[in-house]
Amino acid sequence: MEPKIRIEHIGKKFYSRRQEIVALDDVNMEFAPGEFVSIVGPSGCGKSTIIRMIDDIIKPTSGKIIVDGFEYDNKKEIGQNFVKKLGFIFQLPNLYPWLTVRQNLYLPLRVYGMMDAEHVRHVEDLLEVTGLTEIGNAYPNQISGGTAQRIGVIRAMVHNPQMLMMDEPFGALDDETREKLNMEMLSIWKKTGMTIIFITHNVAEAVLMSQRIYVMQANPGHVKAEVKIDFGEERSLSLQRSPKFIRYCNQIEDLIGKVDLRDVI
């Protein structure tokens with residue numbers, strides 16, 4: 001099966017007045033259609049840089065990015081019609097405070113010229129699936145942080161993207177809220193069949209959510225290992241108590257190496 005997303009020998013350098021910083025060096029990754037893949041590693045290893053390059057927010061210095069058979073031009077923007085295939089969820093929901101929840105969700109549809117009955121209905125379906133229909137007319141200052149983050153997740157999906165990039169979207173939430181959103185995200189993934197790339201510092205979260213995990217190291221950022229997570233269709237919070245789950249976590253923590261685990265878990 002042809003990968004939905006492929007990055008080949010990607011490198012990224014940033015420049016300041018005094019130095020050249022090599023953020024990524026010779027990174028190779030593939031993501032199959034409908035696959036849920038996490039990227040973990042210590043701070044500064046380039047996890048977020050990778051998905052920002054896939055979403056064309058920043059350009060690589062070297063290498064190729066091929067998405068859905070289309071090879072990016074490192075000197076040109078990929079174009080709005082192609083951008084619509086992609087969704088991006090940031091670390092913070094970044095909701096506009098003067099717009100209601102529903103109006104915030106409509107915003108990408110307005111940008112892409114997709115305010116038709118089908119997509120408006122899709123917004124309502126997403127609100128219903130996540131149990132948020134009743135707060136559709138509320139403003140961001142009237143909802144909790146966890147609920148705001150759920151809205152941020154929904155907003156990335158209102159235009160029916162084929163691929164979803166998630167940049168530590170649940171990192172600032174308490175454990176209970178995070179676990180609830182993890183389960184909601186898995187449910188949405190199974191229903192939509194999207195290809196999802198999930199960035200996290202939380203090893204247990206990555207093991208719970210993913211079919212595969214890329215483990216990265218820093219200085220410069222590179223892929224150290226790829227770990228296949230074999231739980232089949234069974235994904236529930238009770239998995240975290242199983243010996244197999246614990247072995248996966250220990251394996252990945254060992255691969256990441258001797259770093260301050262507060263930056264990892």
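## A walk through helices, pockets and a cavity

Thr130, Arg150, Val153, Ile154, Phe170, Leu181, Glu184, Met185 and Ile188 line the largest cavity. Two elements each give two or more residues to that lining: H5 and H6. Helices are DSSP runs of H or I with at least four residues, strands are E runs with at least two, and both are numbered from the N terminus. H6 gives the largest share of the cavity lining, four residues. By class, the lining splits into six nonpolar, one polar and two charged residues. Here Ala, Val, Leu, Ile, Met, Phe, Trp, Tyr, Cys and Pro count as nonpolar, Asp, Glu, Lys and Arg as charged, and the others, Gly among them, as polar.

Before we go on, keep in mind that this is a predicted model, where local features need pLDDT of at least 70 and side-chain atom pairs count only at pLDDT 80 or more, while totals for chains, interfaces and linings use all residues. Residues are numbered from 1 along each chain as its sequence is written, and side-chain values use heavy atoms, with hydrogens and water left out.

So what is a cavity, anyway? Rolling a probe the size of a water molecule over the atoms shows where empty space is left. On a 1 Å grid over the protein atoms alone, a cavity is a set of points where a 1.4 Å probe fits but cannot get out; a pocket is an open set with protein on both sides within 12 Å along at least five of seven lines, and lining residues have an atom within 4 Å of a point. Grid points are joined across faces, edges and corners, and a volume is the space filled by probe spheres set on the points. A search of the whole structure turns up one cavity of 30 Å³ or more, and the largest cavity holds about 50 Å³ of space.

The axes of H5 (145-155) and H6 (residues 175-192) come within 11 Å and cross at roughly 20°. That makes H5 roughly parallel to H6. Axes are lines fitted to C-alpha atoms, for helices over the stretch in contact, and angles run from 0 to 180 degrees between N-to-C directions. Angles under 35 degrees count as roughly parallel, over 145 as roughly antiparallel, 65 to 115 as roughly perpendicular and the rest as oblique. H5 passes H6 in a right-handed crossing; a crossing is left-handed if the near helix is turned anticlockwise from the far one by less than a right angle, and right-handed if clockwise. Gly146, Gln149, Arg150 and Val153 of H5 make the contact (heavy atoms within 4.5 Å) with Thr177, Lys180, Leu181, Glu184 and Met185 of H6.

On the H3 side the contact is made by Val101, Asn104, Leu105 and Pro108, and on the H5 side by Ile151, Ile154 and Arg155. Five of these residues are nonpolar, one is polar and one is charged.

What angle do H3 and H4 pack at? H3 and helix H4 (residues 117-129) pack at about 135°, with their axes 10 Å apart. That makes H3 oblique to H4. Their crossing is right-handed. Val101, Arg102, Leu105, Tyr106 and Leu109 of H3 meet His119, Val120, Val123, Glu124 and Leu127 of H4.

The largest pocket has about 590 Å³ of space and is lined by 21 residues, with Phe88, Phe90, Pro108, Tyr112 and Arg155 nearest its centre. Strand E6 (86-89), helix H3 (101-111) and helix H5 each give two or more residues to its lining, and E6 gives the largest share, four residues. The second largest pocket has a volume of about 230 Å³. Its lining has three nonpolar, two polar and seven charged residues, including Glu35, Trp189 and Arg235.

Most residues other than glycine have a negative phi, and most peptide bonds are trans. Asn94, in the loop between E6 and H3, has a positive phi near 50°. Asn160 sits in the loop between H5 and strand E7 (163-167), and its phi is positive too, at about 55°. The peptide bond from Asn219 to Pro220 is cis, with omega near -10°, and Pro220 is in the loop between strand E9 (212-217) and strand E10 (222-228).
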